[in-house]
Amino acid sequence: MSQIEAQAEPDSASVLACLEADLTEEGRYGHRKVELTEQDVRVFDSAGTVLLTLPLTDIADARNEPLVSGGRLIVDTKSGEEITVCSYSLRHSTEFSDMARAIEHLAKEGEFLGQPPRAKIRCEKCNELLPEKDGVCPRCLNRGRTMLRIGKFLKPYKKQAILLALGSSFATLINMIPPAIQGRILDNFNLGDKNTQFLFTMVGAWAFTLAIAAVMQIVNGRMNTYLGSHIASDLRKETYAAIERLHLAYFDRKPVGAIASRVTQDTDRVWFFLVDGVPFFLVHGLMLIAVTVILFKINWLLALAILTPIPLVALISMWAWKPISNLFFRVSQKMARVHMHLNESLMGIRVVKAFAKEDDEYNKFQIRSEELRQAHTRADRTWYTAYGMMTFCVAMGTAVHWTVGGWMLYTGKLTFGNFYIIHAYLGMVYGPLQWFAQVNNWFSRAMAGAERIFEILDMTPEPQAGSGKVIEVKGDVSFDGVRFGYDKSNPVINGVSFDVKAGEMIGLVGHSGAGKSTTINLVSRFYEPDLGRILIDGIDYRDLDLHSYRQQIGIVLQDPFLFHGTIAENISYGKPGATMEEIMVAAKAANAHNFIVAKVDGYDTVVGERGARLSGGEKQRISIARAILHNPRILILDEATSSVDVETEKEIQEAIQRLVSGRTTFAIAHRLSTLRKADRLIVMERGKIVEQGTHEELMNQKGVFHDLVQTQSAVNEIIGIGSK
Amino acid sequence: MITDIEVFYQPEGRLRMTMGDRSYVEVKPAWAAPLSQTGKYLVLLDGKDREIILITDPTKELKPETWSLLQNELQRRYLSVKIDKILNTKTIFGSTYWTVMTERGERDFVTQSLQENAQWLGPEHLLVIDVDGNRFELPDINALDEESKNHLFMTV
């Protein structure tokens with residue numbers, strides 16, 4: 001600790017930035033405060049004792065070193081020491097990356113960049129951790145507000161929703177009439193009145209009620225379907241549109257399956273709750289109230305007695321539902337694992353057979369199947385236990401009715417008709433009661449689904465059409481001190497500057513991980529720089545209309561993506577409405593025409609999902625034809641010829657030469673010899689440009705590029721020898 | 001026993017190494033398979049992340065003082081933790097809140113989409129990844145106490 005002096009009290013220099021780390025020097029969880037002042041960097045422990053003071057005048061540079069599940073803030077001193085300022089988990093690594101930059105800038109330039117943004121990681125209200133930094137706290141979430149927001153999806157169908165609510169209430173009341181009629185008939189018979197006219201009139205009324213109930217059921221069912229399908233469709237459309245407009249960085253963080261589930265599962269949960277959950281609660285809630293009123297009206301004492309087990313049923317239902325739903329969630333997880341294994345082993349059946357691994361795969365499947373069986377057994381066992389207890393309580397209600405009601409009947413305190421009516425209504429109360437706890441579950445799931453949907457709807461999308469200048473791109477591209485990292489604490493492009501003239505072809509060269517693909521991702525504006533600017537024809541591209549800019553960019557990737565559709569549809573993807581002649585001209589220029597017309601269905605050949613029915617070379621030429629027809633001003637070729645054989649590569653190279661002519665082109669190629677025709681090569685290493693020049697100039701320089709070419713030539717030679 | 005490896009910090013904070021007649025100004029130890037082969041297959045990388053040497057069983061193959069220094073560096077580099085006890089879990093709106101006791105002390109964290117972020121590395125070996133990407137390992141769920149098992153069973 002030559003440069004570090006532990007102090008009891010810090011001096012009074014004003015604090016510019018302050019962050020908290022969550023690991024101690026021994027690697028245990030704890031609190032450390034790091035302060036950046038005008039004079040030094042200080043670290044305090046949780047008691048406020050200064051553990052470390054580093055004068056800014058001693059600091060040469062500062063950085064965040066990414067570690068497994070965390071990082072550490074490191075300062076290199078001018079005397080050559082490497083000092084760990086503090087360690088932290090991934091919860092804080094982005095903030096400390098910014099802090100490192102702030103320290104270094106202040107030490108070197110004497111200028112403070114500003115307090116690194118401190119993300120909110122705990123809820124201010126309940127102090128619970130937030131699932132997403134600066135996000136909403138699910139615990140303190142205003143369910144009412146979320147409900148209102150969900151309800152807005154009903155707005156376009158207000159009339160139908162009101163009609164459904166009224167229809168459902170009416171149907172509930174209608175369904176309560178038959179037991180009353182049956183009771184009247186029995187009472188009449190009991191009184192010795194053998195008037196069959198009365199019986200037929202009552203039966204007629206009963207039949208009429210049944211007919212109305214049936215009509216209501218049909219009308220309500222249809223209305224329910226109408227509302228359900230429309231709301232589900234609206235929700236899906238809106239969620240899908242929002243997802244499509246999100247920045248690409250979002251798609252890097254989330255697995256495709258998780259994103260897809262927002263469009264399918266989460267929207268399903270919301271509409272299911274709106275269309276099934278809410279009516280269930282309303283109808284049965286209404287029925288419970290109506291029946292209770294009627295029961296009390298008939299005989300308050302009996303009503304009180306037979307409703308005694310209701311709280312018990314409700315309690316069991318509430319007590320059992322949470323574990324049961326957890327157990328069934330577990331079943332669905334195990335089922336997903338079985339599905340995943342099934343999909344994987346069936347899709348990879350050739351590999352399985354080629355390695356004679358059928359038995360191993362069977363064993364794995366057996367284990368997963370057994371796990372599923374166990375989960376099922378446990379869930380069903382718990383379910384039947386809870387269900388049995390509830391059935392017992394329901395039966396107790398009936399038993400109480402037969403005991404108390406029977407006694408009243410025997411002692412003449414209750415008519416036979418009323419005894420029957422109460423018996424019929426009991427089923428109406430106890431039946432749905434078992435499911436009332438489920439409404440809470442529906443509600444929670446719908447709220448969770450809704451929150452996940454709203455989270456996407458509320459995210460800042462990419463700038464939309466009309467949000468910037470629309471220009472006809474000439475093709476001048478400049479990087480001006482660009483810094484970028486997918487994880488901001490770990491930049492993969494660091495201070496890159498270069499200028500490209502319109503129509504120039506630039507080859508990007510370097511080892512994997514050097515930053516080549518990131519550079520073209522930035523040119524495509526899939527991501528934007530964290531620092532610095534990218535200029536297109538002298539204008540910062542963030543000021544340009546994104547939609548119009550992207551329309552003037554063409555991309556040919558290593559693994560070209562084709563959509564399920566015909567070859568013609570795929571070629572014209574970037575120019576919908578292109579004529580067949582235009583499509584064919586593009587296909588010819590891409591050396592694709594001949595193999596296309598040789599197919600039975602020619603341009604109408606369906607390529608299959610992701611172009612599965614075509615070879616790699618065929619897909620590549622179609623993607624080149626697509627780019628040619630799109631006629632971009634800036635063209636990006638990312639390893640466009642790396643996955644094809646030599647013969648096909650020759651054809652693709654020819655096609656590419658036609659494509660690049662007159663356009664600004666950025667090309668990455670594994671085989672360095674394919675970049676000979678580039679006007680200039682930019683050699684990158686660890687996110688920085690290390691060399692620039694023509695192929696010849698760089699070879700003469702005998703630097704990094706020369707070494708790369710030599711290595712590749714040696715490898716090719718070895719392969720050549722091997723193949724002889 | 002590999003006797004020609006010498007590791008030391010010079011300058012302070014930077015691990016250096018000599019192996020035979022070669023010297024490496026920056027060395028990083030890394031586990032080749034930290035989850036499935038705990039304690040085995042240690043790789044020593046140079047400043048450009050290129051392998052210098054692979055040591056199959058460092059406890060047996062390295063001199064105690066060398067191993068001790070590398071262990072110290074490994075401890076600093078691997079901030080992932082092992083869970084000893086699950087004190088509490090609760091799931092609210094699809095987010096699961098955990099309070100656990102680890103070898104580094106008590107910790108609370110949040111996970112989402114447990115289907116993806118609770119990975120079974122073996123029948124009893126579980127890896128839980130929180131919303132920030134921090135890794136929490138349960139090497140043997142059978143070794144947990146009953147309360148922890150119950151929390152885990154109701155969550156994962």
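Arg76(B) and Glu73(B) are both part of helix α2 (residues 64-77) of chain B, where three residues, about one turn of the helix, separate them. Helices here are DSSP runs of H or I with at least four residues, strands are runs of E with at least two, and both are numbered from the N terminus. This is a predicted model, in which local features need pLDDT of at least 70 and side-chain atom pairs count only at pLDDT 80 or more, while totals for chains, interfaces and linings use all residues. Residues are numbered from 1 along each chain as its sequence is written, chains are lettered from A and ligands numbered from 1 in the order in which they are written, and side-chain values use heavy atoms, with hydrogens and water left out.

The two residues form a salt bridge, with 3.2 Å between the closest N and O atoms. The term salt bridge denotes a side-chain nitrogen of Lys or Arg within 4 Å of a carboxyl oxygen of Asp or Glu. Arg76(B) is partly exposed at 26% relative accessibility, whereas Glu73(B) is buried, with a relative accessible area of 2%. Buried means under 20% relative accessible area, exposed means over 50%, and partly exposed lies in between (1.4 Å probe, protein chains only). Through shared partners, salt bridges join Glu73(B), Arg76(B), Arg77(B), Glu65(A) and Arg72(A) into one network.

## The interface of chains A and B

In the contact of the two chains, 54 residues of chain A meet 46 residues of chain B; contact means heavy atoms within 4.5 Å. The area buried between the chains is about 4,200 Å², and carbon and sulfur atoms give 47% of it. Buried area is the accessible area (1.4 Å probe) that two parts lose on being put together, summed over both. On the side of chain A, Tyr29(A), Val68(A) and Glu82(A) lose the most area to chain B, together 17% of what that side buries.

Between chain A and chain B there are seven salt bridges. Asp22(A) forms a salt bridge with Arg107(B), the closest N and O atoms lying 3.0 Å apart. The largest share, 10 residues, comes from α9(A). The side of chain A that touches chain B divides into 20 nonpolar, 11 polar and 23 charged residues. In this grouping, Ala, Val, Leu, Ile, Met, Phe, Trp, Tyr, Cys and Pro count as nonpolar, Asp, Glu, Lys and Arg as charged, and the others, Gly among them, as polar.

## Two domains of chain A

Chain A is divided into domain 1 (1-136) and domain 2 (463-552 + 669-724), with bounds from an automatic or database domain assignment. Their contact takes six residues from domain 1 of chain A and six residues from domain 2 of chain A. The area buried between these domains is about 430 Å², with 46% given by carbon and sulfur atoms.

On the side of domain 1 of chain A that touches domain 2 of chain A, β5 (59-67) and α1 (93-109) each supply at least two residues. The most comes from α1(A), with four residues. By class, the residues of this side are one nonpolar, four polar and one charged.

Helix α1 of chain A also contains Ile103(A), a buried residue with a relative accessible area of 0%. Leaving aside residues up to four places away in sequence, Ile103(A) touches Leu36(A), Val41(A), Leu56(A), Ile59(A), Ala62(A) and Leu73(A).

## Further salt bridges

Over all chains, a search of the whole structure finds 37 salt bridges. One of them joins Arg373(A) and Glu370(A), at 2.6 Å from N to O. These residues are separated by about one helical turn because they are three residues apart in helix α11 (residues 358-410) of chain A. Arg373(A) is partly exposed at 43% relative accessibility, as is Glu370(A), with a relative accessible area of 32%.

Lys575(A) and Glu582(A) also meet in a salt bridge, at 2.6 Å from N to O. Lys575(A) counts as partly exposed at 34% relative accessibility, and Glu582(A) is partly exposed with a relative accessible area of 29%.
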